[in-house]
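Let's take a quick tour of a protein model, one topic at a time. Have the sequence and the 3D view ready, and follow along as you read.

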Amino acid sequence: MIEKNTTIKNVEMFIELIKFNLSSSYFVHRGNFYCQKSGTAMGNPLSPALADLVMETLLDHVLEGIDIPIPFLKKYVDDLITALPIDMIEHVRNALNEFNSHIQFTCEVENNNQLPYLDMLLIRTAQQKIVTDWYKKPVASGRILNYFSFHPLTQKLNTATGFIGRVFKLSTCRSENEKKELVRDYLLNNNYSSSLINRLINRYINKNTNTHESNSSTHPEPKVYRSLHHVEKLTPALAKVINRNFPNVQLGFKCVKTNRLLFSKLKDATPQLEKRNVIYRIPCADCDCAYIGLTTQQLKNRLSGHRSLINRYTDLKSSDPNRATEREEEFKKTALMVHVIENEHRFDLPGTKILEQDNRLNALQVLEMCHIFCDTKTVNYRTDTSNLSVVYSGLLHSITNGER
């Protein structure tokens with residue numbers, strides 16, 4: 001059953017790995033380690049899938065023990081909507097809450113023939129029919145992505161278009177003009193211009209009234225997805241060039257000015273020597289040169305490797321200089337060791353500094369070449385930058401020479 005989704009063939013091992021993953025969530029606060037005792041951490045990629053599995057299991061288990069017919073039951077993550085006899089509401093809620101003490105449900109019942117569910121309001125008419133309306137909570141601020149926010153224009157337009165779609169699809173009790181007025185008021189309060197709002201509304205209506213579908217028999221190339229940081233004026237220009245030359249590449253844009261920058265970090269910072277996926281610089285203790293390296297392991301382990309190799313050579317040279325000379329080529333594994341052997345210099349390992357950190361190996365490799373290219377005092381081989389694109393080389397040459 002699992003072979004289609006994983007290369008792990010042993011089911012017992014797969015289950016053991018899942019258990020390990022779910023029971024090893026921890027964080028550090030003020031020097032103390034804390035382990036999560038129940039549930040999964042927010043931000044864990046497994047959390048949404050597990051939440052859905054738990055809810056499905058819960059409903060299957062509880063519904064088996066309920067001996068009354070339930071006309072319908074719909075679920076969105078942990079939000080449920082159903083219809084029950086009034087005298088059975090508490091009975092069903094208690095049955096749901098008894099499944100697990102950590103999962104407790106509250107209940108909201110129909111009031112004045114209305115019941116909100118997600119961003120939709122269900123309304124029972126006098127004819128015993130259900131109509132819907134777009135709904136926002138009384139405490140809602142009315143804010144969506146502001147037109148003047150530091151985001152790509154496409155994200156703002158998509159946000160506004162998505163809002164228009166929700167209002168038009170969910171408001172079955174409103175006329176088209178009423179929907180348009182609701183959309184205009186909401187978007188105007190978020191600094192979208194009237195002309196832009198009208199264009200977006202008309203585009204949405206025309207798109208949804210046009211039922212013609214393409215009958216093209218051609219098979220388009222599979223999409224390749226890439227992301228770019230949003231830099232005003234620069235990113236749109238790059239996107240045009242990429243879209244023109246690589247039509248199968250679908251670009252997404254990441255905002256660099258996020259709310260995270262406004263808040264203090266509560267988690268303990270990872271000590272420098274325990275960081276992974278870094279570009280580091282080790283200065284020479286006897287001259288103004290330095291060695292630039294890349295490691296995906298903890299920095300302290302990589303420095304330990306450098307230290308071990310230096311000590312082995314130094315000890316051998318002290319005890320048997322002739323043998324050390326014979327084995328020089330064996331020790332010259334890195335440009336750092338070449339500098340140590342040929343110049344008899346020492347490197348200041350405790351003075352190592354981290355230049356960059358990135359979880360993408362290909363990005364780290366480019367960054368390492370860039371730093372080696374720009375640092376005129378590095379002991380690294382010039383061939384270490386041989387794979388650097390001429391585009392980067394030209395830009396870096398201009399930067400290092402102070403050109404604009």
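A search through the whole structure turns up ten aromatic pairs, where rings of Phe, Tyr and Trp (its six-membered ring) pair if their centres lie within 6.5 Å. Keep in mind that this is a predicted model, where local features need pLDDT of at least 70, side-chain atom pairs count only at pLDDT 80 or more, and totals for chains, interfaces and linings use all residues. Residues are numbered from 1 along each chain as its sequence is written, and side-chain values use heavy atoms, with hydrogens and water left out.

**Aromatic rings**

- Phe27 and Tyr34 make a stacked pair, with 5.4 Å centre to centre and 15 degrees between the planes; planes under 30 degrees apart count as stacked, over 60 as edge-to-face and the rest as tilted.
- Phe27 is partly exposed, at a relative accessible area of 43%, and Tyr34 is partly exposed too, at 37% (buried means under 20%, exposed over 50%, partly exposed in between, with a 1.4 Å probe and protein chains only).
- Trp134, Phe163 and Tyr186 are linked into a cluster by ring pairs.

**Helix 5 with helix 6**

- Helices (H or I, at least four residues) are DSSP runs, numbered from the N terminus.
- The axes of helix 5 (residues 176–188) and helix 6 (residues 194–209) come within 10 Å and cross at roughly 140 degrees; axes are lines fitted to C-alpha atoms over the stretch in contact, and angles run from 0 to 180 degrees between N-to-C directions.
- That makes helix 5 and helix 6 oblique to each other (under 35 degrees is roughly parallel, over 145 roughly antiparallel, 65 to 115 roughly perpendicular, and the rest oblique).
- On the helix 5 side, Glu176, Lys180, Val183, Arg184, Leu187 and Leu188 meet Ser194, Ile197, Asn198, Ile201 and Ile205 of helix 6, where contact means heavy atoms within 4.5 Å.

**Helix 8 with helix 11**

- Helix 8 (residues 299–319) packs with helix 11 at an angle of about 30 degrees, their axes 11 Å apart.
- Helix 8 and helix 11 are therefore roughly parallel to each other.
- His306, Leu309, Ile310 and Tyr313 from helix 8 meet Leu336, Met337, Val340 and Ile341 from helix 11.

**A loop residue: Thr334**

- You'll find Thr334 in the loop between helix 10 (328–331) and helix 11 (335–343).
- Thr334 is buried, with a relative accessible area of 14%.
- Setting aside neighbours within four places in sequence, Thr334 is in contact with Tyr291, Arg302 and Tyr381.

How values were computed
Helix = DSSP H or I, 4+ residues; strand = E, 2+ residues; numbered from the N terminus.
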